Each structure stands twice: as structure tokens, then as C-alpha cells.
Amino acid sequence: MANINTGQSSRGYHRLAYFQECPQKYSYAYNLQLKQKFTNPNMGLGTLVHEGLAYRYLGSEKSPFEHVEEYARENDLLSVLTKANEILKEYDLRWTNNEDFVPADVEKEFQLDINGELYTQRVDLVANINEEICFVDHKTYGRFKSKWEMAGQFIGLMVLGRSLVSDMYKLPFGGVWVNEICTMNPIAARSFSRRKVEIPQGLMDAYIHNVGFTYSEMQKLISSDHWMYPKNFSACESKYS
């Protein structure tokens, strides 16, 4: 079985967010293809948990733990491997006998034309929940404090789902779910929760406008030296090698 891609999509939310945060950071990541350093161990931990969940729902012949160990060795993340495995085991205990996510696709990249620009976003898990197709996003480390904080993370997923799901899966779109995994305290049952995201239509309309605006700003810099994009914060180079 071929490895699946659990990284960022090719022309999606992260690309836009990087450019808006700091054009130079965007150029390091996407124009120059520099590899991001895991300066915060919790970033690497979250990556391993995502990797394990992908293969858990994919139903791989090898166990998710084998895939996670391989990924950890290849990406210098062995320091957080034990904790990642503990979290994945606790996740299984929490949900195996109470699982309402029936996998339809795993790490699926969706594409949509927005105002003449190709927009893509990878969905961690496309799940059938009560005969509706839902997008599930695994979130590790922190917890969301309000529905508004959650909404800002998942507007792109909602736009894609409403536009594409019914034609692709022949079932209605059931919305976006966040699968929260608090890596700070993996033993307690309260560390795992699931909730449906509520996003007002006005935010989705604004998001679509923002996609078009950001891509137009990118085009203005397309002929610039990739090492000399405008820099919004001085430490962006320390995150890449």
C-alpha cells in the first residue's frame, strides 16, 4: 500500500495564511520549498498523531503504530514517538466502541475554482455520519474556546463541502466536524472530544473574497527574487532550513 500524504494541500488555506502572515515565510515554504523545522516539540507530536489517525481510518495492512514509527525515524521525531503512541492508544480506547465516523476518504485533497484561481484543501477524514458526508479535521494540542474561534479555522472546508460533496458522493453535505485531541493530557478521557462547527454564511462569503484578493497580491510578487519577499516578522527564517 502506498504512503498517503498527510501534509498541506498544494494551493490551500495554509498557503494563503502563510502569505498573509509574512510573504517571505510563504516564499521560503512554497517558492523555495525549504523544510520547516520542528522547533516546538508539540508540532512534531501533532504531526505523528495525524499520521497515526490517517492510517487508523484508512485500514492499512500495517498497524498505525508501525507507520508512525517509520515517519518518526524519517523525520527526526523519535523524541516524541512514545507520547504519540500513548495518545493513539488512548484515542482507540475512547472511540473504538463508540465510533460514529464511517470513513469515505482519508487525507483527500479537494479542488475548487474560486474567482478564476484554483483553491485546494486536504481533508483529514471524509466521513459518512448518519447518511451525510462530513469533513472531519483532527486538531491536536490546544482546545478551542468558542465556536467563533473554531469557525475561523474551517471556513474553507465548509466552502468546499457545500460546493462539491453532493455531486461527488451522492449524499448531502453534513458539515464540518472538529476531532479534538488535547495532547497536553492524553490519559484523561476529557482530552478527546468532537463537535460540529457552525459558520455563518457571511463569513464564507468574506472568505471567498479574501482568497481572490490574496492570490492577486501573490501575483504582484511572482517575478520577485524568492529570497527577498517582504518580511513581516524578522524571525521567519529561523523556522526553515
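The structure is a prediction in which local features require pLDDT of at least 70 and side-chain atom pairs count only at pLDDT 80 or more, whereas totals for chains, interfaces and linings draw on all residues. Numbering starts from 1 along each chain as its sequence is written, and side-chain values rest on heavy atoms, with hydrogens and water left out.

Side chains of opposite charge can pair when their charged atoms come close. Burial is expressed through relative accessible area, where buried means under 20%, exposed means over 50%, and partly exposed lies in between (1.4 Å probe, protein chains only). On this scale Glu 21 is partly exposed at 38%, while Lys 25 is buried at 7%.

A salt bridge is also found between the side chains of Arg 56 and Glu 99, at 3.3 Å from N to O. Arg 56 belongs to helix 3 (residues 41-58) and Glu 99 to the loop between helix 5 (81-95) and strand 1 (102-114), so this pair ties together parts that are 43 residues apart in sequence. Helices (H or I, at least four residues) and strands (E, at least two) are DSSP runs numbered from the N terminus. Arg 56 is partly exposed, with a relative accessibility of 21%, and Glu 99 is likewise partly exposed, at 27%.

Asp 137 and Lys 139 form a further salt bridge through their side chains (3.3 Å, N to O). Asp 137 is buried at 9% relative accessibility, whereas Lys 139 is partly exposed at 23%. Elsewhere, salt bridges with shared partners connect Arg 56, Asp 92, Glu 99, Asp 100 and Arg 194 in one network.

Strand 3 spans residues 132-140, and seven of its nine residues are buried, so the strand is largely enclosed by the rest of the structure. Pairing of two strands requires that DSSP find at least two bridges between them. Strand 2 (residues 117-129) runs antiparallel to strand 3 and is joined to it by five bridges. Within this pairing, Ala 127 has Cys 134 of strand 3 as its bridge partner. Cys 134 has Gly 175 as its bridge partner in strand 4.

Glu 131, a residue other than glycine, has a positive phi near 65°. Glu 131 is situated in the loop between strand 2 and strand 3 and is exposed, with a relative accessible area of 51%. Gln 33 is not a glycine either, yet has a positive phi of about 55°. The position of Gln 33 is in the loop between helix 2 (23-31) and helix 3, and at 58% relative accessibility Gln 33 is exposed.

Methods: A salt bridge is a side-chain nitrogen of Lys or Arg within 4 Å of a carboxyl oxygen of Asp or Glu.
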